[in-house]
Amino acid sequence: MRSIILLSLFFAFACKRSDVLPPSPVLPVPNQHQVEWQEKELFAFVHFTVNTFTGKEWGYGDENPDIFDPVYFNPDQWAKVLKDAGFKGAILTAKHHDGFCLWPSQFASHSVKNISWMGGKGDVVAGLKDACAKHGLEFGIYLSPWDRNRADYASSAYIEYYKNQLNELISSYGPIFEIWFDGANGGDGYYGGAREMRKIDDQVYYNWPQTFKIVRSYNPKTIIRGDARSASDSRWCGNEEGYIGETNWNMVTPDSLIALGKDKKRLEVLNSGDERGNVWMPAEVDVSIRPGWFYHESEDSLVKTPDELFDIYLNSIGRGSPLLLNVAPDKRGLIPEPDVQSLLLWKKKIGDAFANNLTIGAKVTVDSYRGKSNQFAAVNLTDGNKETYWATDDNIISSSIELEFEKPQQVQYVLIQENIKLGQRVKSFTIEVLQNGQWEQVANATTIGYKRIIRINPVETEKVKINITGAKACPVISNIEIY
Ligand code: FUL
């Protein structure tokens, strides 16, 4: 009898525990495509056009297209290098501001089809798309809205042309994982010989919501990196130097950005996001491996070193934003050797730094967990399963996670991930390590988001403690790694 009572008590208890509801999402939350994109972390930008041959960064639009002559053009080499260096996709400048089209567009004469290179049969877009497919990379497109070549730029005829090109590219070279609508717009240019200054109101002229519809009609999964005022899927990070804010919210409020106009506060908001933002729009960190976006021989000695790239990695992916690192094929049509070297050594550096995850086999304890349900217990933090997570009760924000190793270990990096499907929550946290029996604070940081990697001065310790000190709602943490 006694055992029956005990058994039913046990079942009642077990049932109650599994009845605990997960935390409600904190809005806004990402859509599934944004989550998958953010999880891929590393993409390559590929800037290549007539500028590669003129030494310019912004072609004026009057370039003789015949200068485009990459005799050893080999997109297979580009894709192989990128794959070997850990990239998940590549975005090509199908057309930059100079207006030269790297594919044989039926709507343009200023394109690869009318030059001597490959007898007018060359197609850079197809070349890279096929090479990406071969090497298991996704393919994306940059199509400059600004066109300094076209006589009709700034009139409605150009918008027609631009949309035709967009349709043509997506239908012929899709599926596209990401499309890049650049913010650089209007200014002086060749414009079919007019050689003048043309200014447009980009918000009105391009009618972004309508342009975005074209992209979505082909593939709702395509990530639109566009103007943050126009409900894109991803925003510019506010600089081209390779860092996102130490505080990095994935949300913004497009209306507040419109209100800011050209105020420099806009760049700060793009860089840090907005804790109270009403749209999920993660930043993407775009930066070049060289000072310029295009290849210039004079910059051969200025390729970023593996160490510099590693800092960029920590300041982008390590702050929860995908990194879009630019490589620039040279005049031969190959990614230059110094760049290849640097990329591969960088990949190795990342691999070495994050080789031995000390949380595997470590004892993990928390001061509380949601409804005392196993579904939200500490073990979920280190189980290597991104779908499981630790969470606290709704009224508990301040909370601690302690990790204990079997023996003292050298610690330099602490990696933490929120389950962003339930919204970004954590506003502040600290990290402590046990030193001579005393807890010593080694980091005091703000947001976590999809991923946060904190680098500390290497220290030997057997225990690490993470204290969540501020959050929008109960913390929901899916993963902790220590290296
Ligand atoms: C900028 C452009 O003006 C640069 O040339 C480059 O393409 C960069 C990625 O975006 O706005």
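## Salt bridges

A salt bridge is counted here when a side-chain nitrogen of Lys or Arg lies within 4 Å of a carboxyl oxygen of Asp or Glu, and by this rule the count comes to 27 salt bridges. One of them joins K134 to D76, whose closest N and O atoms are 3.1 Å apart. Because K134 belongs to helix α5 (residues 124–135) and D76 to helix α4 (residues 75–84), the pair ties together parts that are 58 residues apart in sequence. Helices (H or I, at least four residues) and strands (E, at least two) are DSSP runs, numbered from the N terminus. Side chains of opposite charge can pair when their charged atoms come close.

## Basis of the model

The model is predicted, so that local features need pLDDT of at least 70 and side-chain atom pairs count only at pLDDT 80 or more, whereas totals for chains, interfaces and linings use all residues. Residues are numbered from 1 along each chain as its sequence is written, and side-chain values use heavy atoms, with hydrogens and water left out.

The protein is divided into domain 1 (47–353) and domain 2 (357–482), with bounds that come from an automatic or database domain assignment. Taken over C-alpha atoms, the centres of domain 1 and domain 2 are separated by 36 Å. Contact, meaning heavy atoms within 4.5 Å, involves 17 residues of domain 1 and 17 residues of domain 2. Between them the domains bury about 1,400 Å², 51% of it on carbon and sulfur atoms, where buried area is the accessible area (1.4 Å probe) that two parts lose on being put together, summed over both. In domain 1, the residues that lose the most area to domain 2 are E246, W249 and L314, which together account for 32% of what that side buries.

Three salt bridges are counted between domain 1 and domain 2. E246 also forms a salt bridge with R452, with the closest N and O atoms 2.7 Å apart. Helix α11 (residues 306–315) supplies four residues, the largest share of the side of domain 1 that touches domain 2.

## Surroundings of the ligand

Taking as near any residue with a heavy atom within 4 Å, the residues around the ligand are F45, H47, W58, H96, H97, Y142, D182, A184, E240, D286 and W293. A polar side-chain atom of W58 lies 3.0 Å from an oxygen atom of the ligand. For H96, an N or O atom in the side chain is 2.9 Å from a ligand oxygen, and a polar side-chain atom of H97 likewise lies 2.9 Å from an oxygen atom of the ligand.

## Backbone features in loops

Another cis peptide bond joins G174 and P175, with omega of about -5 degrees; P175 lies in the loop between α6 (156–173) and β4 (178–180).

E41, a residue other than glycine, has a positive phi near 65 degrees, and its place is in the loop between α2 and β1 (42–46).

Definitions and conventions: Polar contact = N/O pair within 3.5 Å; in protein donor to acceptor, adjacent residues only side chain to side chain.
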